[in-house]
Amino acid sequence: MAKAKSVYFCQECGFESSKWMGQCPGCGQWNTFVEERVEPKRQAASVKQAQSVKPVPLSAIEMKQEERFSSGLPELDRVLGGGIVPASIVLVGGDPGIGKSTLLLQVCQNLSRQQIHVLYISGEESLQQIKLRAQRIGTFTDSMSLLCETNLEVIDTVLRREKPQAVIIDSIQTMYSETVSSSPGSVSQVREATGAFMQLAKGLGITIFIVGHVTKEGVVAGPRVLEHMVDTVLYFEGDRHAAYRILRGVKNRFGSTNEIGVFEMRGQGLVEVANASEYMLNGKPKDASGSVVACSMEGTRPILLEVQALVCRSSFGIPRRTAAGTDTNRVNLLMAVLEKRLNLRLGECDAYVNIAGGIKMNEPALDLGIVLAIISSYKERCIDEKTICFGEVGLSGEVRAVSMAKQRILEARKLGFTTCILPKVVIDSQTNKIEGIKLIGVENVQEAVRKIL
């Protein structure tokens with residue numbers, strides 16, 4: 001009989017090595033390798049079993065239309081691609097205290113009201129603690145059950161006996177299997193637990209939501225294979241000291257990965273924000289230089305954002321460049337374009353760029369908004385508060401086309417904007433038919449600055 005051997009795993013990315021290393025070759029982190037004992041692999045399938053397995057032609061496979069069911073939260077359904085897919089496994093990650101457990105408890109509340117049998121399995125809280133949180137959210141029906149357990153073998157038995165339609169696992173790092181000698185939360189335990197839940201989801205037709213802890217870099221802790229095994233990966237983002245929360249789809253086998261859901265944290269739990277643009281623009285200052293409204297697309301959803309910039313004379317030898325909510329390197333690139341194409345002496349100035357509200361956006365369509373906000377602050381000239389802009393800026397100073405221009409214009413008109421600065425190449429017969437808003441097409445940043453200032 002083969003003996004168990006020791007191997008070393010990286011706690012950040014799951015890289016496996018036969019010996020200890022100071023730096024992980026997979027993710028580049030230092031001092032992340034831990035030793036774990038690995039049991040010998042099971043005996044391979046017999047020749048007789050292998051001979052009975054036959055491939056199936058693609059034309060012989062019968063398709064069955066799986067009906068999704070609603071989570072009761074339209075914002076979550078949007079991110080999932082139209083609702084919850086039966087027998088799927090969904091991973092929800094986010095910072096501590098961001099609201100992952102609250103969101104899934106509200107999903108349990110809505111599913112139980114639809115008479116869907118849902119089981120909430122907690123490895124971090126007691127039954128009394130979950131009850132206290134549930135009372136703050138509202139009333140629940142008897143279709144929801146609670147279980148405090150971390151042993152995979154016990155959970156497997158309960159699920160096969162109870163056969164719930166939906167299961168919440170909070171969290172995957174607390175689950176352990178007795179067949180694995182390492183401690184809960186280790187790479188081997190997380191991989192074993194995820195594999196067991198994947199088999200239960202596909203074999204019993206159970207929809208499973210898994211809560212995953214995140215590292216200091218903001219990604220789900222544990223081996224990278226964890227994200228590959230599940231059907232959907234959702235990240236819950238936002239500052240826990242702020243009111244808003246962003247639910248973003250990173251991976252989705254049943255829908256788009258560009259959609260986001262916006263929530264607001266209140267005393268009774270998470271409340272959906274139906275009009276994210278109006279929410280993000282709330283509190284925008286009037287007659288202030290360095291402020292302009294831009295439009296970004298998240299999937300099929302246009303979101304209007306306030307781009308703020310502050311440019312001032314530098315008191316340091318090397319000017320400071322700071323960006324919050326967008327890429328700092330992109331801001332440096334756009335400032336270099338302005339210095340070269342418009343002869344602005346920005347090399348002597350500090351520059352601070354902020355996407356108001358704390359939301360993170362990196363779409364190229366924000367380029368024109370960042371450029372105009374920087375110029376507005378540099379020249380101390382205010383931009384009309386009823387003006388919106390979008391467009392990608394190239395290294396030659398040209399304003400390039402972006403996708404879904406019509407949807408952006410319609411969203412701006414709905415919120416009362418009267419002027420739109422956009423790439424000239426996207427103005428066509430469809431956008432020209434939109435009434436109630438003036439469209440100004442520009443070909444380069446020089447033309448944009450001349451027309452808006």
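Let me start with the salt-bridge network that links Lys202, Asp231 and Arg253, where a salt bridge is a side-chain nitrogen of Lys or Arg within 4 Å of a carboxyl oxygen of Asp or Glu. A search of the whole structure finds 18 salt bridges. Before I go through some others, please keep in mind that this is a predicted model, in which local features need pLDDT of at least 70 and side-chain atom pairs count only at pLDDT 80 or more, while totals for chains, interfaces and linings use all residues. Residues are numbered from 1 along each chain as its sequence is written, and side-chain values use heavy atoms, with hydrogens and water left out.

One pair I would like you to look at is Glu75 and Arg301, whose side chains meet in a salt bridge at 2.7 Å, N to O. This pair links distant parts of the chain, with Glu75 in helix α2 and Arg301 in strand β14 (residues 301–313), 226 residues apart; helices (H or I, at least four residues) and strands (E, at least two) are DSSP runs, numbered from the N terminus. Not counting residues up to four places away in sequence, Glu75 touches Ile260, Gly261, Val262, Phe263, Glu272, Val273 and Arg301, a contact being heavy atoms within 4.5 Å.

A further salt bridge joins the side chains of Arg248 and Glu298 at 3.3 Å, N to O. Arg248 lies in strand β10 (residues 244–252) and Glu298 in strand β13 (residues 291–298), so the pair ties together parts that are 50 residues apart in sequence. Arg248 is buried at 16% relative accessibility, and Glu298 is buried at 11%.

The side chains of Glu125 and Arg133 also meet in a salt bridge, at 2.4 Å, N to O; here Glu125 is partly exposed, with 23% relative accessibility, whereas Arg133 is buried at 11%.

Arg133 brings us to helix α4 (residues 127–137), whose buried residues are Ile130, Arg133, Ala134 and Ile137. Seen down the axis of α4, these buried residues fall within an arc of 100 degrees, so they line one face of the helix, the arc being that of the directions from the helix axis to the C-beta atoms. The face turned away from that buried side carries the exposed residues Gln128, Leu132 and Gln135. What covers the buried residues of α4 includes α3 (100–113), β5 (118–122) and β6 (144–148). Just after the helix, Gly138 takes a positive phi of about 150 degrees.

Now to the interior. In soluble globular proteins, nonpolar side chains tend to be buried together. The largest nonpolar core in this model has 47 residues, and those with the most contacts inside it are Leu305, Val307, Leu368, Leu372 and Ile374; such a core is a set of buried Ala, Val, Leu, Ile, Met, Phe, Trp, Tyr and Cys residues joined through side-chain atoms within 4.5 Å. Helix α10 (residues 367–379) gives the largest share of this core, 7 residues. A second, separate core of 31 residues includes Leu76, Leu104, Leu105 and Phe263.

On the backbone, which features stand out? Most residues other than glycine have a negative phi, and most peptide bonds are trans. Asn343, placed in the loop between α9 (328–341) and β16 (349–355), has a positive phi of about 55 degrees although it is not a glycine, and Asn343 is exposed at 65% relative accessibility. The peptide bond from Asp170 to Ser171 is cis, with omega near 5 degrees, and Ser171 is found in the loop between β7 (166–170) and α6 (187–204).

I will finish with the protein as a whole, which has 13 helices and 21 strands. Buried residues make up 48% of its 453 residues, and among contacts between residues at least 6 apart in sequence, 67% join residues at least 24 apart.

Technical notes. Buried < 20%, exposed > 50% of the residue type's maximum accessible area, 1.4 Å probe, protein only.
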